[in-house]
Amino acid sequence: PAFAAGRHARKPRRRHGPESADARVAAFSLAFSRAVPLANVVGALLNVHALLDGTALQRAGKALGAVGLGWVRELLGLALWLLVSVLWQLESYGFLRVRLSGAQAYSRTWDASLTPAWSGWLDVCWGLLSIPFCNIRLPHFVLPPPLASLDALFSESPFGAQTKVLRQAMPSRKLARAMHALVSSVEMSTELKGRA
């Protein structure tokens with residue numbers, strides 16, 4: 001009846017869960033039967049930052065400049081450049097080498113980021129010493145994590161609204177060469193699981 005639709009009428013309840021939220025990546029896992037050596041980790045991380053605008057590291061630098069602490073930004077930038085240069089030289093001469101055995105990530109909320117946890121070995125002194133690491137998560141300012149939402153992953157901002165992908169700065173040939181330099185050869189298989 002019409003008189004039932006007054007202020008005391010019950011409001012429709014909002015549905016929570018998969019039906020009301022966007023599809024998302026709940027988890028992913030990557031495992032290698034044999035650890036894969038990565039030849040250019042430092043260069044790959046630098047290429048990631050060159051293809052993004054508005055990362056946490058870039059925003060921190062802009063914030064320091066906005067409050068009149070530009071000299072702090074320059075000092076930190078110089079220290080970071082020296083650190084990256086040293087690591088790059090150590091890696092290029094084979095003194096340091098990363099071998100990846102797997103990675104996994106889980107999203108805990110509907111809009112959470114997928115922060116990968118890496119496992120493998122760090123070879124020091126040309127492989128004389130191998131240090132294992134398990135489920136190591138890199139800070140977001142080092143490797144920005146993608147969002148879990150599929151809509152966000154296929155949008156112009158897969159890393160969040162504040163971080164944009166510079167698609168015009170993404171040359172396909174150079175990207176393919178960088179991937180080839182990072183991993184020389186790999187065999188893999190995929191398994192997809194779904195539920196109706």
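How many aromatic pairs does the structure hold? This predicted model holds one.

**View 1. The aromatic pair of F95 and W126.** The ring centres of F95 and W126 lie 5.2 Å apart and the ring planes stand at 90 degrees, so the pair is edge-to-face; planes over 60 degrees apart count as such.

**View 2. Exposure of the two paired residues, F95 and W126.** F95 has a relative accessible area of 24% and is therefore partly exposed. W126, with a relative accessible area of 59%, is exposed.

**View 3. An open sheet of four strands.** The strands follow the order β1-β3-β4-β5, and their pairing is antiparallel. β1 and β5 are the edge strands, each pairing on one side only. From one strand to the next, the twist averages 10 degrees.

**View 4. The pairing of β1 with β3.** Strand β1 covers residues 27-38 and pairs with β3 in the antiparallel sense over eight bridges. Opposite V36 stands L100 in β3, while L38 stands opposite V98, also in β3.

**View 5. The pairing of β3 with β4.** β3 and β4 run antiparallel and are joined by eight bridges. G120 in β4 is the bridge partner of L100, the β3 residue that V36 stands opposite.

Terms used. Residues are numbered from 1 along each chain as its sequence is written. This is a predicted model: local features need pLDDT of at least 70, side-chain atom pairs count only at pLDDT 80 or more; totals for chains, interfaces and linings use all residues. Side-chain values use heavy atoms; hydrogens and water are left out. Rings of Phe, Tyr and Trp (its six-membered ring) pair if their centres lie within 6.5 Å; planes under 30 degrees apart count as stacked, over 60 as edge-to-face and the rest as tilted. Buried means under 20% relative accessible area, exposed over 50%, partly exposed in between (1.4 Å probe, protein chains only). Two strands pair if DSSP finds at least two bridges between them. Helices (H or I, at least four residues) and strands (E, at least two) are DSSP runs, numbered from the N terminus. Axes are lines fitted to C-alpha atoms, for helices over the stretch in contact, and angles run from 0 to 180 degrees between N-to-C directions.
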